[in-house]
Amino acid sequence: MMFLSRSPLFRLTVSALLLSACGVEAQERQGDPEQAERRRAMVEQIESYGVRDSATLAAMRAVPRHEFVPGRYRDRAYGDHPLPIGHGQTISQPYIVAYMTEILELEPGMKVLEIGTGSGYQAAVLAEIGCDVYTMEIFGALAESARERLGRLAYDSVEVRHGDGHYGWPEAAPFEAIIVTAAAGHIPPALVDQLEVGGRMVIPVGSVYGVQNLILVTKRDEGEVRTRNLLPVRFVPMLEGLR
Ligand code: SAH
């Protein structure tokens, strides 16, 4: 690149071109340095709680969570708590997002189904790891705003569908991993069907007001499914009927 330094104007033009080709997008996604610093602190805390998977931690260091919360909560975007996103729904607590992501043992290129798009934050974390993400949301308005937001942030490997997650996404099945981010009364049979053999599903199961447990479902063979209780959690309920 030495010859470029001969002409300052040429150098300026070249760096402007390079910026518009690749730099701007990443910069816009990650926000200002202050947000990046808050993200680093958030991930440090998550790590101290025991999350070890480096891909999960790197993804959470990269996704601009402040873009996924309503404007009035922006200054609280990097605290370890859920926040309201409208329609009585919430964006999950960062630690739980990290824990659920890690437990899926994801690799780049895996096809993942998410039930409960909400803000689109969890979907962005999965996309940042390199997965192809199919995400379903029962509120049309939330599906629409998540689709717009993920598009604006150039998460192109995410597809959002307005639909009831109890029935999954048969046209795109099977999935190597499934993550459900609303509490189900039972493990929906369609999701077990759409899980690939060898695949993993993580799902909160339990009643709205009572105890919910995060469950890991592994599919050993067609018709052979194992479940393991991971930890008690509190999620908004998995609803029925499109809204
Ligand atoms: N993963 C989201 C947060 C999930 S909150 C995020 O990262 O922001 C749970 C979401 O599940 C809510 O948006 C709720 O509307 C949605 N939901 C509830 N029942 C559903 C169903 N049956 N199918 C799809 N989405 C559902």
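Tutor: A search of the whole structure finds 1 cavity of 30 Å³ or more, a cavity being a set of points on a 1 Å grid over the protein atoms alone where a 1.4 Å probe fits but cannot get out. The largest cavity holds about 360 Å³, a volume being the space filled by probe spheres set on the points. Its lining has 30 residues, with Gly116, Thr117, Gly118, Glu137 and Thr181 nearest the centre, and β2, α4, β3 (111-115), α5 (121-129) and β4 (132-137) each give two or more residues to that lining. This is a predicted model, in which local features need pLDDT of at least 70 and side-chain atom pairs count only at pLDDT 80 or more, while totals for chains, interfaces and linings use all residues. Residues are numbered from 1 along each chain as its sequence is written, and side-chain values use heavy atoms, with hydrogens and water left out.

The largest pocket, an open set with protein on both sides within 12 Å along at least five of seven lines, has a volume of about 190 Å³. Ser92 is among its lining residues, together with Pro82 and Phe235, where lining means having an atom within 4 Å of a point. Ser92 sits in the loop between β2 (89-91) and α4 (94-103), and counts as buried because its relative accessibility is 18%, the limit being under 20% with a 1.4 Å probe and protein chains only. Leaving aside residues up to four places away in sequence, Ser92 touches Arg65, His81, Pro82, Val97 and Phe235, with contact meaning heavy atoms within 4.5 Å.

Methods:
Helices (H or I, at least four residues) and strands (E, at least two) are DSSP runs, numbered from the N terminus. Buried means under 20% relative accessible area, exposed over 50%, partly exposed in between (1.4 Å probe, protein chains only).
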